[in-house]
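Keep the sequence and the model side by side while reading.

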Amino acid sequence: MSKVIIIVNAQVDNGKISPKAPIAEKMAVALSKSIIKSNPCHEIKIVGGAQIWSKSLQIDDSDQDIVYCPLTIKLPDWFNFTAQQVYCACRDLEKRRKWVQQNFNYKTTHDDLSLGDLWLPIIFNGENCTYSDFIGEGVLPNYYQQPYDLPSEIHHSLYTLAQDLLLSIQAIPSVYLLQFKMLDNNIIFDRLWPFPACPAIASINEQKPDLFDYHWSCLSNKSTVN
């Protein structure tokens with residue numbers, strides 16, 4: 001049996017996520033269901049990112065069975081977990097955007113001064129990438145839709161960008177979200193998320209397995225990508 005610690009960007013009291021953070025709760029519940037589905041014996045603990053920053057989370061460092069599943073990018077640099085270097089690379093937005101500009105000659109949201117409203121889910125098992133349907137942002141806050149249609153000629157460019165980005169950060173198995181926007185059929189790169197971030201909730205009732213199922217399969221080293 002493994003202890004799985006899910007870390008969310010929300011206030012958590014005794015394992016209960018604040019009702020003021022419904023998206024964080026949806027993400028944590030979806031991931032928890034995926035974990036239990038794979039092995040009902042796993043012990044799951046949900047904690048808030050603030051507990052990591054304040055060092056109030058009591059963890060036995062000798063426990064080798066702990067699996068950390070951060071569903072937030074806001075983690076301190078000193079927090080040691082398997083994907084630490086990947087999360088640090090994805091947090092360095094300026095470096096990632098400069099890399100895209102230099103290697104792909106794409107504009108970035110740093111130039112355009114607006115955030116990306118489209119996401120490409122990337123399922124990476126350590127050897128191969130597969131891609132889920134694009135996700136788009138709806139009119140209402142925190143509303144996401146999948147699938148989102150884009151011209152087929154754009155797909156290959158985004159797939160190439162995704163593969164090279166993962167290679168550049170020495171990615172480990174996970175579900176990643178490549179955030180971008182389109183402007184006159186031109187790709188505007190925003191950022192790369194190293195976990196199924198908020199827009200991934202669009203997949204919960206849309207696809208089987210959903211992105212949280214895939215994420216846990218990647219983290220637990222199960223073969224999900226052919």
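Ile-188 has a relative accessible area of 2%, and therefore counts as buried; the label means under 20% relative accessible area, with exposed over 50% and partly exposed in between (1.4 Å probe, protein chains only). This is a predicted model, in which local features need pLDDT of at least 70 and side-chain atom pairs count only at pLDDT 80 or more, while totals for chains, interfaces and linings use all residues. Residues are numbered from 1 along each chain as its sequence is written, and side-chain values use heavy atoms, with hydrogens and water left out.

Ile-188 belongs to strand β12; helices (H or I, at least four residues) and strands (E, at least two) are DSSP runs, numbered from the N terminus.

Helix α7 (residues 211-219) is mostly covered, since eight of its nine residues are buried. These are Leu-211, Phe-212, Asp-213, Tyr-214, His-215, Trp-216, Ser-217 and Cys-218. They pack against β1 (3-8), α1, β5, β7 (118-124), β9 (135-137) and β11 (174-183).

Trp-216 of helix α7 is buried because its relative accessible area is 3%. Which residues does Trp-216 contact, leaving aside neighbours within four places in sequence? They are Val-4, Leu-31, Ser-34, Ile-35, Ser-38, His-42, Val-67 and Cys-69, where contact means heavy atoms within 4.5 Å. Cys-69 is 147 residues from Trp-216 along the chain, yet their C-alpha atoms are separated by 8.6 Å.

Ser-32 is found in helix α1 (residues 22-38). Its relative accessibility is 14%, so Ser-32 counts as buried. Not counting residues up to four places away in sequence, Ser-32 touches Ile-6, Ile-44 and Ile-46.

Next come the aromatic rings. The structure holds 10 aromatic pairs; rings of Phe, Tyr and Trp (its six-membered ring) pair if their centres lie within 6.5 Å, and planes under 30 degrees apart count as stacked, over 60 as edge-to-face and the rest as tilted. One of the pairs joins Tyr-68 and Phe-79, edge-to-face, at 5.2 Å centre to centre and 80° between the planes. Tyr-68 lies in strand β5 (residues 66-70) and Phe-79 in the loop between β5 and α3 (84-91), so this pair ties together parts that are 11 residues apart in sequence. Both Tyr-68 and Phe-79 are buried. They also belong to one aromatic cluster with Phe-81, Tyr-87, Trp-193 and Phe-195.

Trp-193 has a charge over its ring as well: the charged end of Arg-191 sits 3.8 Å from the ring centre. A charge counts as over a ring if NZ of Lys or CZ of Arg is within 6 Å of the ring centre and within 35 degrees of the ring normal. Lys-55 lies over the face of Trp-78, at 4.7 Å from the ring centre.

Trp-193 and Phe-195 return in the lining of the second largest pocket: among its 27 lining residues, those closest to the centre are Asn-9, Trp-193, Phe-195, Ala-197 and Cys-198. At least two lining residues come from each of α1, α4 (93-104) and β12 (186-193).

How values were computed. 1 Å grid on protein atoms, 1.4 Å probe; cavity = no way out; pocket = protein on both sides within 12 Å on 5 of 7 lines; lining within 4 Å.
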